[in-house]
Amino acid sequence: MPQCSPAYAVGRVRALEGTLIGKSAVERLAACESIEEMCRALSESGWGDAKSRKDIDALCDEHMKRACKLVKDTTSDERITDCFLIGYDALNLKTIFKSRALDTQAPLSELGIFDPEKLRRDVEERSYSDLPKPFAEAMRLIDRQSAMSLDPLFVDSEIDKAMYRFIAERIAPVKDETIRLYFTCKAEFVNLLIALRSGAMKRGAAFARKLFVEGGTLSFDMLEKVAEEPERAYDLIRLRPYADKLAKSVKAIDTGAIERAADDYLLDLMRPERYAPTSIIPLLGYLLARSREAMAIRLIAAAKMAGTPGEKVISRLRAMY
């Protein structure tokens with residue numbers, strides 16, 4: 001059961017932070033010559049024993065399960081922590097819809113806030129009354145639009161839009177400005193990338209407009225103009241608090257670099273309160289740190305299997321907490 005005291009969660013996080021892998025350890029992993037050497041380095045770091053890429057993925061899964069369980073068990077405000085976990089449920093729903101269309105059963109994540117097998121049954125039976133309203137509405141719309149054939153992009157888009165509506169409803173009464181700014185910026189980053197990628201594909205404003213999510217302050221009309229003229233992107237964000245962090249990548253219209261810079265900015269928002277004794281943010285920062293750590297290790301493992309040079313891998317990594 002969730003705890004009523006943020007201080008309890010902070011104490012738990014303090015005890016676990018020493019097990020996090022920092023920047024220097026990640027760089028040492030990236031410098032390994034083979035997946036076998038990487039497995040040895042992971043073991044020596046205390047992160048866990050592995051002998052193969054499959055074992056590394058399993059370790060990442062286990063670390064994330066523990067981190068998400070910690071969040072669920074110790075949260076002092078489920079309205080907030082649910083918003084940081086709901087992405088796993090959104091991914092599950094996307095997987096379930098696509099599996100239903102193919103008449104298969106793909107594995108689901110256990111990291112979200114909803115029972116994954118119940119989600120599967122709900123979609124298979126087309127019964128959504130137990131889901132929050134934004135998701136229920138999106139599921140019914142997907143069913144109507146996919147009666148003849150499934151459009152994967154439409155499924156992804158509607159579930160993403162439902163997720164951001166869900167988040168907006170959950171954080172509406174939240175007074176913490178860091179949390180509110182985090183999700184405002186997160187929605188803006190999603191929409192900026194949609195606009196730029198739509199422009200790169202020459203799909204234009206009308207296509208992008210159908211994909212935009214709610215929750216940011218960048219107007220959809222201005223984002224549509226970026227979809228038509230990507231070089232206008234920096235003018236759109238130049239007064240936003242993350243403008244300096246994203247300036248170089250946005251001006252270069254480098255969507256991969258924009259994603260990395262955006263993720264780093266969101267993590268940076270948590271840093272000032274990392275050691276706050278009575279805030280929920282240290283718990284959220286720990287969850288993001290574990291997620292960033294697992295992402296880095298998975299990327300490095302994939303690069304080792306592909307023979308990608310270590311220095312190239314490092315250039316693709318997000319900042320560590």
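Predicted model: local features only at pLDDT ≥ 70, side-chain atom pairs only at ≥ 80, totals over all residues.
How are α8 and α9 oriented relative to each other, roughly parallel or roughly antiparallel?

**View 1. Helices α8 and α9 pack at an angle of about 160 degrees.**
The axes of α8 and α9 lie 11 Å apart. Angles over 145 degrees count as roughly antiparallel, so α8 and α9 are roughly antiparallel to each other. Their crossing is left-handed. On the α8 side, the contact is made by Tyr-164, Ile-167 and Ile-171. On the α9 side, Ile-179, Arg-180, Phe-183, Lys-186, Ala-187 and Val-190 take part. By class, the contact of α8 with α9 has seven nonpolar and two charged residues, and no polar ones.

**View 2. Helix α5 packs against helix α9 at an angle of about 25 degrees.**
Helix α5 spans residues 78-102, and α9 spans residues 177-200. Their axes are 12 Å apart. Angles under 35 degrees count as roughly parallel, so α5 and α9 are roughly parallel to each other. The crossing of α5 and α9 is left-handed. Helix α5 brings Ile-80, Cys-83 and Phe-84 to the contact. Helix α9 brings Ile-179, Tyr-182 and Phe-183. The residues of this contact are six nonpolar, with no polar and no charged ones.

**View 3. The largest pocket holds about 1,600 Å³ of space.**
Its lining has 50 residues. Closest to the centre are Gly-87, Met-163, Tyr-164, Lys-186 and Asp-263. Six helices each supply at least two residues of the lining: α4 (53-74), α5, α8 (152-171), α9, α14 (255-270) and α15 (281-306). By class, the lining has 32 nonpolar, five polar and 13 charged residues.

**View 4. The second largest pocket has a volume of about 190 Å³.**
Helices α1 (6-16), α4 and α15 each supply at least two residues of its lining. Helix α4 gives the most, with six residues. The lining residues include Arg-12, Leu-16 and Thr-19. Also among them are His-63, Arg-66, Ala-67, Lys-69, Leu-70 and Asp-73. Tyr-286 and Arg-290 line this pocket too. By class, the lining of the second largest pocket has four nonpolar, two polar and five charged residues.

Note on methods: Residues numbered from 1 in each chain as written. Heavy atoms only, no water. Axes fitted to C-alpha atoms, helices over the stretch in contact; angles between N-to-C directions. Helix = DSSP H or I, 4+ residues; strand = E, 2+ residues; numbered from the N terminus. Parallel < 35°, antiparallel > 145°, perpendicular 65-115°, else oblique. Left-handed = near helix turned anticlockwise from the far one by under 90°. Contact = heavy atoms within 4.5 Å. Nonpolar A, V, L, I, M, F, W, Y, C, P; charged D, E, K, R; others polar. 1 Å grid on protein atoms, 1.4 Å probe; cavity = no way out; pocket = protein on both sides within 12 Å on 5 of 7 lines; lining within 4 Å. Points joined across faces, edges and corners; volume = space filled by probe spheres on them.
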